[in-house]
Amino acid sequence: MLNEELIFTDLALPDQEATFQFLAKTIVEKKLANNEQAVYDALKKREAEGTTGMMDGFAIPHAKSDAISQPAIIVIKLKAGINWDSLDGKPTKYVIALFIPVAEGGTTHLKVLSQVARMLMKEEFKTQFIETNSSQALAQLISSQLEGAN
């Protein structure tokens with residue numbers, strides 16, 4: 001679900017809209033989805049149901065769509081925090097985005113979302129995530145947490 005090709009550090013995106021556009025474009029470019037607009041719409045639809053901006057600068061946007069061919073996670077570390085209507089009112093700087101095919105919506109989606117949410121409750125994980133700038137190290141950190149949560 002996650003590899004270093006799906007991790008972007010020090011990315012300059014001005015707002016949530018540009019972030020969603022980048023995510024939709026990237027998931028199609030990586031051949032994990034086939035319709036950029038459908039993925040973008042799925043991200044926007046989910047966000048309209050309630051913010052995915054968590055605490056401490058993290059957001060976990062997620063999209064379920066028929067356009068997505070296999071489950072994936074894209075990680076973005078932004079150069080500067082952006083407004084995301086987060087739960088603590090602070091800017092978002094770290095995005096862990098989930099992309100799930102509709103067929104796996106009830107199983108994979110909920111399992112991975114709960115694993116990511118649990119990761120973000122651990123101060124040690126958040127500190128390691130924030131301090132790590134290597135895509136490879138970030139992939140290993142997140143993967144180890146996902147595997148450990150099974």
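I will go through the overall build of this protein and then one of its helices.

A word on the basis: this is a predicted model, in which local features need pLDDT of at least 70 and side-chain atom pairs count only at pLDDT 80 or more, while totals for chains, interfaces and linings use all residues. Residues are numbered from 1 along each chain as its sequence is written, and side-chain values use heavy atoms, with hydrogens and water left out.

The protein has five helices and five strands, taken as DSSP runs numbered from the N terminus, with H or I over at least four residues for helices and E over at least two for strands. Starting at the N terminus, the order of elements is β-α-α-β-β-β-β-α-α-α.

As for dimensions, the C-alpha trace spans about 35 × 35 × 25 Å along its principal axes.

Of the 150 residues, 49% count as buried, meaning under 20% relative accessible area, with exposed being over 50% and partly exposed in between, for a 1.4 Å probe and protein chains only.

Let me turn to helix H4, residues 123-131, where Phe125, Lys126 and Phe129 are buried. Seen down the axis of H4, these buried residues fall within an arc of 95°, so they line one face of the helix; the arc is that of the directions from the helix axis to the C-beta atoms. On the other side of H4, Glu123, Glu124 and Glu131 are exposed.
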